[in-house]
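Here is a short report for a reader new to this structure. Look over the sequence and the model, then read on.

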Amino acid sequence: MEYRRVKDQESYDDLSQKDVESLSGRSLSSANATGLSSVGGAKGKSSWKLKSVVTLALTLLTSSQAILIVWSKRAGKYEYSVTTANFSVEALKCLLSLAALSRTWNRHGVADDNRLTTSFDEVSVYPIPAILYMVKNLLQYYIFAYVDAPAYQILKNLNIISTGVLYRIILKKKLSEIQWAAFILLCAGCTTAQLNPSSDHVLQTPIQGWMMAIVMALLSGFAGVYIEAIIKKRPSRNINVQNFWLYIFGVIFNLVAICVQDYDAVMNKGFFHGYSFITVLMILNHALSGIAVSMVMKYADNIVKVYSTSVAMLLTAVVSVFLFNFHLSLAFFLGSTVVSVSVYLHSVGKLQPQK
């Protein structure tokens with residue numbers, strides 16, 4: 001009997017020990033899972049916060065661009081050379097990227113992710129968007145031979161559709177049917193907001209004007225999607241390294257544009273002829289906007305950029321009421337409402353990941 005009691009006690013002790021180990025294992029697994037979930041949640045929250053900050057920065061910077069451009073004119077004309085201003089923007093973006101890189105090197109040292117390598121595989125992809133943007137910017141001047149400024153602003157909304165289509169074709173990113181509907185509403189809303197009593201003549205735009213507008217929309221959309229593909233191809237790569245190579249080719253091609261278009265004027269009057277304090281602010285604004293766009297490409301996507309710039313257009317109109325006595329029309333309020341509905345539909349219409 002005593003022997004049996006001892007055996008039963010040993011069996012009970014063994015079972016108790018196993019239960020404790022089992023419970024401990026479950027507790028550790030649960031703790032690990034909770035820890036990983038907390039880390040993932042914190043990382044997702046941080047990513048969302050960064051995405052929100054760069055998107056807000058792009059919206060505010062873009063909304064002030066048109067205002068600064070208008071202010072930079074004197075008697076309705078540009079006193080400065082537009083090509084030198086574009087060159088200055090690209091050069092400033094290069095300097096800002098190098099300054100940010102230098103700060104990173106001083107803090108964390110030079111590593112593979114932040115090293116300025118000159119390998120052909122890395123550098124060769126950056127001239128393409130620089131050329132596309134240069135051609136698009138040149139077409140911006142020639143299209144005004146066929147359309148006026150209000151018609152140009154309306155035709156410019158073709159960028160919205162081209163970006164969505166190329167985003168789907170090149171990056172293979174799917175949009176839900178609701179998001180496609182929201183995209184079309186965004187284009188319609190932006191166009192409606194820009195309508196005025198003389199907008200009907202847009203339909204009488206010569207075929208050359210329509211062709212240029214379509215080509216510009218395709219160039220802008222393709223360049224934006226291509227840049228996003230380049231930046232996200234190496235997600236661990238420091239954004240300032242990618243920006244530097246992108247902007248250095250912008251400097252080179254804009255220098256070519258100066259030589260072709262304004263060489264005599266620059267040589268006779270000087271590089272900074274006609275510059276004012278407002279011109280400098282405009283250049284700084286464009287440089288920061290360009291960097292904000294690349295940050296949006298890195299941490300968000302082209303669709304976010306399109307919505308950001310569309311909302312910026314509406315903000316520009318509101319600010320213009322106070323600065324230029326601009327009168328908001330009924331079409332503007334209707335267009336703003338459609339844009340707001342589009343933003344809401346795009347956010348609720350996201351495709352859910354398949355389980």
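## A residue between two helices

Where is the place of K172? K172 sits in the loop between α6 and α7. The model is a predicted one. Phi of K172 is near 60°. That is a positive value, in a residue other than glycine. K172 counts as exposed because its relative accessibility is 61%, and the cut-off for exposed is over 50%.

## The chain as a whole

The protein chain holds 13 helices and zero strands. Read from the N terminus, its elements run α-α-α-α-α-α-α-α-α-α-α-α-α.

The protein chain has 355 residues, and buried residues make up 39% of them. Now take contacts between residues at least 6 apart in sequence. Of these, 88% join residues at least 24 apart.

## Helix α6 against helix α7

Helix α7 covers residues 177-193. The axes of α6 and α7 come within 9 Å and cross at roughly 160°. An angle over 145 degrees counts as roughly antiparallel, so α6 is roughly antiparallel to α7. The crossing of α6 past α7 is right-handed.

Which residues of α6 meet α7? They are I160, I161, G164, V165 and R168. On the α7 side, the partners are W180, F183, I184, L186, C187 and C190. Sorted by class, this contact of α6 with α7 has nine nonpolar residues, one polar and one charged.

## Helix α6 against helix α8

Helix α6 spans residues 158-171, and helix α8 spans residues 207-233. Their axes lie 8 Å apart, and the two helices pack at an angle of about 45°. That angle makes α6 oblique to α8. The crossing of α6 and α8 is right-handed.

From α6, the contact draws on L158, N159, S162, T163, L166, Y167, I170 and L171. From α8, it draws on A213, I214, M216, A217, L218, S220, G221, F222, V225, E228 and A229. How do the residues of the contact of α6 with α8 divide, and how many are nonpolar? There are 13 nonpolar residues, five polar and one charged.

T83 belongs to helix α2, which runs over residues 82-108. Is T83 buried or exposed? T83 counts as buried, because its relative accessibility is 5% and the cut-off for buried is under 20%.

What does T83 touch, leaving out residues up to four places away in sequence? T83 touches A257, I258, Q261 and D262.

K269 lies in helix α10, residues 263-269. K269 has a relative accessible area of 57%, so it is exposed. K269 and Y80 are 189 residues apart along the chain. Their C-alpha atoms are separated by 9.9 Å.

## Points to look for

Start at the loop between α6 and α7, where K172 is placed. From there, trace α6 and find its right-handed crossing with α7. Next, find the right-handed crossing of α6 and α8. Then turn to T83 in α2, and finish with K269 in α10.

Definitions and conventions:
Residues numbered from 1 in each chain as written. Predicted model: local features only at pLDDT ≥ 70, side-chain atom pairs only at ≥ 80, totals over all residues. Heavy atoms only, no water. Axes fitted to C-alpha atoms, helices over the stretch in contact; angles between N-to-C directions. Helix = DSSP H or I, 4+ residues; strand = E, 2+ residues; numbered from the N terminus. Parallel < 35°, antiparallel > 145°, perpendicular 65-115°, else oblique. Left-handed = near helix turned anticlockwise from the far one by under 90°. Contact = heavy atoms within 4.5 Å. Nonpolar A, V, L, I, M, F, W, Y, C, P; charged D, E, K, R; others polar. Buried < 20%, exposed > 50% of the residue type's maximum accessible area, 1.4 Å probe, protein only.
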